[in-house]
Amino acid sequence: MTLDAIDKKEALRYLGCKEKIDDERIISLLCECEKRLISAAAPKYLYEVFPITFEPEGVRIADSDIILRGNDAAEHLKNCSRIVLMCATLGQGVDVLLRQLQVTDMASAVTTDSLASAAVEQVCNKAESEIFEKVKCNSRTWRFSPGYGDLPLDIQYSLLSILNAQKRIGLTVMDSNMMVPTKSVTAFIGLSDGEVERKSRGCESCNMKDKCKFRKSGGHCGN
């Protein structure tokens, strides 16, 4: 997978900018950081399709001991019989670039970090499009990630393990639940032979709502 132009408007939202930016210095910095980021990135993703069953403790990935605990995952996957489990990363080169910039140029470091956050979502969107050129279903849910709602973040270790992500694309998770490389995402998408209810992804369902920088500035992250 290749990473092309990055959505600078989305990157600016990560920076807390709600208004259109006309400052040529900022635009120039964004473009310069974008070029370096694209050069450093090596986007990759994995996915597998698994049957699921519903149990009192949560949603079990069939033929495994992995249970997606909590009410929100179960509600999200209601009427689904399978899930696409996926992970994506920009690669270790982006982490190296960010560490270098944090020492030499903090403005570029902050700008590049925001661009990278926007870029990994673009990679996920592109991966999802490619996945569903191959995986057929009548309807599907949106992507749901560990840490969203009441789904514990520490489930990431099990999800990456079942995908063999460390061996296949070099993606792992630390004891702190931080993924390495850091600009990475794990998620699942419910698949149904019938219809799934298109639920909105609102702030009230997110466990980051009390410390979200978008909510503090009067906006939202788009979920």
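Where is Ser64 found in this predicted model? Ser64 is found in the loop between E2 and E3, and the legends below begin with that loop.

View 1. A polar atom of the Ser64 side chain lies 2.7 Å from the backbone oxygen of Ile61. Asp63 belongs to the loop between strand E2 (58-61) and strand E3 (67-69) as well, but Asp63 counts as exposed, with a relative accessibility of 84%. The phi angle of Asp63 is near 60 degrees, which is a positive value in a residue other than glycine. Most residues other than glycine have a negative phi.

**View 2. Asn164 in the loop between helices H6 and H7.** Asn164 is placed in the loop that runs between helix H6 (156-162) and helix H7 (165-169). Its phi is near 55 degrees, again a positive value in a residue other than glycine. With a relative accessible area of 37%, Asn164 is partly exposed.

View 3. Most peptide bonds, by contrast, are trans. Pro181 is found in the loop between strand E7 (179-180) and strand E8 (184-192).

**View 4. Helix H2 and its two sides.** Helix H2 (residues 24-40) has 17 residues, which at 1.5 Å a residue should span 24 Å, and the C-alpha atoms at its ends are 24 Å apart, in agreement with that expectation. Leu30, Cys33, Glu34 and Leu37 are the residues of H2 shown as buried in this view. These four cover an arc of only 110 degrees around the axis, which puts them on the same side of H2. An α-helix has 3.6 residues a turn, so residues three or four places apart point the same way. On the other side of H2, Glu24, Arg25, Lys35 and Ser39 are exposed.

**View 5. The salt bridge between Glu34 and Lys8.** Glu34 forms a salt bridge with Lys8, and the closest N and O atoms of the pair are 2.9 Å apart. Because Glu34 lies in helix H2 and Lys8 in helix H1 (residues 8-14), the pair ties together parts that are 26 residues apart in sequence. Glu34 is buried, with a relative accessible area of 9%, whereas Lys8 is partly exposed, with a relative accessible area of 25%. Side chains of opposite charge can pair when their charged atoms come close. A search of the whole structure finds ten salt bridges.

**View 6. The salt bridge between Glu55 and Arg60.** The side chains of Glu55 and Arg60 meet in a salt bridge, with a distance of 2.7 Å from N to O. Both partners fall into one accessibility class: Glu55 counts as partly exposed at 27% relative accessibility, and Arg60 is partly exposed with a relative accessible area of 21%.

**View 7. The salt bridge between Asp113 and Lys183.** Asp113 forms a salt bridge with Lys183, the closest N and O atoms being 3.2 Å apart. This pair links distant parts of the chain, given that Asp113 is in helix H5 and Lys183 in the loop between E7 and E8, 70 residues apart. Asp113 is partly exposed, with a relative accessible area of 31%, while Lys183 is buried, with a relative accessible area of 13%. Elsewhere, salt bridges that share partners join Glu121, Glu128, Arg140 and Arg143 into one network.

**View 8. Helix H5, with Val110 and Ala127.** Val110 has its place in helix H5 (residues 106-131), and Ala127 lies in helix H5 too. Val110 is partly exposed, with a relative accessible area of 41%, and together with Leu15 and Met106 this residue makes a nonpolar surface patch of about 240 Å². Ala127, on the other hand, is buried, with a relative accessible area of 0%. The C-alpha atom of Ala127 is separated by 8.5 Å from that of Met1, although the two residues are 126 residues apart along the chain.

Conventions:
Residues numbered from 1 in each chain as written. Predicted model: local features only at pLDDT ≥ 70, side-chain atom pairs only at ≥ 80, totals over all residues. Heavy atoms only, no water. Patch = residues over 30% accessible without salt bridge, like charges linked within 9 Å, V, L, I, M, F, W, Y side chains within 5 Å. Areas by Shrake-Rupley, 256 points an atom, 1.4 Å probe, with all protein chains shown as cover. Salt bridge = Lys/Arg side-chain N within 4 Å of Asp/Glu carboxyl O. Buried < 20%, exposed > 50% of the residue type's maximum accessible area, 1.4 Å probe, protein only. Polar contact = N/O pair within 3.5 Å; in protein donor to acceptor, adjacent residues only side chain to side chain. Expected span 1.5 Å × (residues − 1). Arc of directions from axis to C-beta.
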